[in-house]
Amino acid sequence: MEKVIFEYHSQPAAYVPVTKLAVANKYIPAEFLGSVELDLPQASEQDVIRHFTALSKLNFSVDSGFYPLGSCTMKYNPKVNEAVADFDGLAGAHPYAPEESVQGALELLYELEIFLKEVSGFQGLTLQPAAGAHGESTGILLIKAYHRHKQPAQKRTIILVPDTAHGTNPATAALAGYQVRQVQSDNQGNIDLAELKKNLNANVAALMLTNPNTLGLFERNILAVSRLVHENGALLYGDGANFNALLGLVKPAELGFDVMHFNLHKTFSAPHGGGGPGAGAVGCSKELTPFLPVPRVRKNREIFTLDYQPKNSIGKIRSFYGNFLTAVRAYAYFLALGAEGIAKVGRQAILNANYLRQRLEKIYHVPYSRTCMHEFVLTPQPDWAVNTLDIAKRIIDYGFHPPTIYFPLIVHEAMMIEPTETETKETMDTFAAALVKIAQEAAQKPEILKRAPQTSPVGRIDEAQANRQLILKYEKRVSG
Amino acid sequence: MDFIGNTAADNKAMQRDLGLASEEELLKDIPPDKIIRQLLALPAAASELEVKRRVQELADRNVSVSDHACFLGAGAYDHYIPSTVPVIARRGEFYTAYTPYQPEISQGTLQSIFEYQTIMCNLTGLDVANASLYDGATALYEAAHLACAHTQRNTVLLASTVHPEYRQVLRTYMQNSALIIKEISFREGIIDLADLKSQLNDQVAAVVVQQPNFFGCLENVQQMGKLAHANGSLFITSIYPISLGILQRPGEYGADIVTGEGQSLGLPVSFGGPYLGIFACRREFRRKMPGRIVGESIDNQGQRAYVLTLQTREQHIRREKATSNICSNESLCALSACVYLSSMGTAGLRNVATASLEGAHYLAGSIANLPGWKISFKAPFFNEFVATVPGNIDELNSKLLKNKIIGGLSLAKFYPELKNSVLFCVTEKRTKTEIDTLVSILKEAL
């Protein structure tokens, strides 16, 4: 393994002119100045580059191979996105520069809003949320503001969340001050309409729904669900984590969603960055638009401005205007694909997922055996002496990233596989062949799976140990 | 141009294997009248060359800090970025990976975050740091939220000298959790300690300040920390990490939680994002921290290895009982900060801080000599300061732009009482010539 950067002891390069230490004392009273030397790494430029290059080689990434991580939409990240995000006029634009000097940046945001509204059918949109969960909380605050304005006297204190939902949904609702009620799915993996009816009442503010859901299944009763929710005076929130299935195929607003977040880092090809930065744009209906966060980008006679005035806005949810360079990448993606390319995305993602599902469903157990959308869920056969974790670790030895595992929670030992539209039949065939071999190993030589992975930089890691004895930073250890 | 790898023949073969007469059979769960049948109102598909041309056209309509002398800061700083930072951050192995859920093949991301956490602890003087949050504003909210949960109190005393947008973000979220914010007023550019004292009571969960504050001035953090602790409240500071090259570390003046905007550590100003939310705290709060945390463990061969830890705090396990709803961090930005500080080292960071300080004081000294101009506050400052202007700031800034200079921020929007005031910032990138040019234009203009 690569050593820690603090274990290097070499001469750093000079990046800025050397200054005199005494300068600080001249301008600032001693009580404000630091008294101890900071303990930062001391490494030469060559060591820094070698160290981080070595670390990079320990990572699996979309650029290195197939990454079928369900619900994460690990599609290819086009390189033109990165190239344009580096343009001086974008990376070097200061957020508080006078508006007349950043017209290009404002136009880009304005146009991206139009593109996202066109593919979703929503009337209002904000690009400010920095991530999917941040978009969720923004959407829930819009819902709260809407109810408060519409019926100030009525206290809608409950948010309904299906049992298949991402963990962020109930966490978001609870942190916004709502009580969370879980709604069960039926035996087809859809929301159970009878259960929904039972839970709907005058105290319900909204239902948070992911469509397709985390089983990769289209919510067949979506129109009935949205009708029931709306008849109750509640709103329908869409978790757009799985929007890739519907891109260019269906507009969520037309299914009855009132508000939805988009993950620009999933559906719109911005990279995931090892866990961020992402961006979680939020689209909404006309009724919710007055409550969108400030500032809004406006266009008047070819001049773009930032509007902080809307008096019913929920306020600001992040500094400045969100993850701008992530928006730039999504914008480049829209330009490249255009109307023709966007029309193919959802359809191809669905075809790829069904092809792969069909290749695997005779060998693995498929808890919901029906046409899937962009992803599907498998489990090990009950007579194998291995669990999902073992299979996932063995997949690493065959050169692929494992699927999402142990999610959704309603499927015991779930493996959730999402190939995305950018992968080829050939890649999926190779992956399927590996999974077939792993199934044979699971049935005949389960110990191979228990020992996996063997080919990765480190073996299985003791997560319990990490929780028991917390080591959350590097500390110099006494040698010997 | 799309990025679909399959040929038409591949697609046909897949459909055949699936036994489909048409691809439409895969869409049978979708209400048929909701399926989009015609092209959407989007631009026509474009080649890479055309995409670059269009985005370049937009980029060219912005003023950039790369060819203008920038004296604008206010939460987004034009510091020098060493060449090492983009080289590493542009490695596909880092930027096209996801959250390190499979640690055996994610040690690169995990170890770099572990190193980032260590550097943030060393920089702030606190015990633990997380893997990063969205930005300085949301990090500050998470700190205030933690303080209320920890102390079981419902009020936060918020310095009016904290970045105005951070205060707005706090207000948005706190209102919706039925928590109360009270602002502490300022005098002479820093917090009025008498006002702070008068507002302390047994419902105050935390005192929240920014150091250096929004005006660049240094707050009396030692005294404020003592007052907060004597009241049983937590002391939270929002920091500008570059300043810690010379300023006292928050751990030494009693901060319980430190948050901050990490953009200055190797990230471009980027029209406001992606940025880096720093979050560090004392050991006793570590199980209540928001966001991802990386811990060291061992693998089955006994080798040192890293893994996401303390996950029982998080939304995917705890759902509605989680400490926060955060899932993403700003991992790649944390990597950039890690490479930045690893490249700079202790002396390099001190040079950046000292040069910024010196440049700002040189500019302030020159402005103080201009007729009609005044440095607004007497408090010591780091690399930003407020000046009172004898004229129209917007017109002045337009004139500066024509001379390839980005002027300071007019404070009228955020502080109506300071309507003739401008906030200037100087970083180590500003040369003496650039500062002299700015001053000569200011002199001529008004």
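The model is a predicted one.

The contact between them involves 25 residues of domain 1 of chain B and 20 residues of domain 2 of chain B. On the domain 1 side, the elements that contribute two or more residues are H11 and S14 of chain B. H11(B) contributes the most, with seven residues. Sorted by class, this side of domain 1 of chain B has 15 nonpolar, six polar and four charged residues.

H11 and S14 of chain B also belong to the next part of the description, a sheet and the helix packed on it. The sheet is open and has four strands in the order S13-S14-S17-S16 of chain B, with antiparallel pairing. Strand S13 (374–375) and strand S16 (409–410) of chain B each have a single partner strand, so they form the edges and one side of each has no neighbour in the sheet. Helix H11 (residues 331–368) of chain B packs on this sheet and touches S13, strand S14 (384–388) and S17 of chain B. The direction of H11(B) makes about 10 degrees with that of S14(B).

Within the sheet, S17(B) covers residues 421–425. S14(B) and S17(B) run antiparallel and are joined by five bridges. In this pair, Ala387(B) stands opposite Val422(B). S16(B) pairs with S17(B) over two bridges, also in the antiparallel sense. Here Ser410(B) is opposite Val422(B), and Leu409(B) is opposite Leu423(B).

How many of the five residues of S17(B) are buried? Five of the five are, so the strand is largely enclosed by the rest of the structure. Both of its faces are covered. Ser421(B), Leu423(B) and Cys425(B) are buried on one side, and Val422(B) and Phe424(B) are buried on the other.

The remaining features concern the backbone in loops. In chain A, a cis peptide bond joins Ala452(A) to Pro453(A), with omega at about -5 degrees. Pro453(A) lies in the loop between helix H13 (446–451) and helix H14 (463–468) of chain A. In chain B, a cis peptide bond joins Gln211(B) to Pro212(B), with omega at about -15 degrees. Pro212(B) is in the loop that runs between strand S7 (204–211) and helix H9 (221–230) of chain B.

Positive phi values in residues other than glycine occur at Glu413(A) and at Lys404(B). Phi of Glu413(A) is near 60 degrees, and this residue is in the loop between strand S11 (404–405) and strand S12 (415–417) of chain A. Glu413(A) has 18 other C-beta atoms within 10 Å and is therefore partly exposed. Phi of Lys404(B) is likewise near 60 degrees. Lys404(B) sits in the loop between helix H12 (393–402) and strand S15 (405–406) of chain B. Lys404(B) counts as exposed because it has 12 C-beta neighbours inside 10 Å.

Key:
Residues numbered from 1 in each chain as written. Chains lettered and ligands numbered in written order. Predicted model: local features only at pLDDT ≥ 70, side-chain atom pairs only at ≥ 80, totals over all residues. Pairing = 2+ DSSP bridges. Contact = placed C-beta atoms within 7 Å. Axes fitted to C-alpha atoms, helices over the stretch in contact; angles between N-to-C directions. Buried ≥ 20, exposed ≤ 12 C-beta atoms within 10 Å, placed from the backbone. Nonpolar A, V, L, I, M, F, W, Y, C, P; charged D, E, K, R; others polar.
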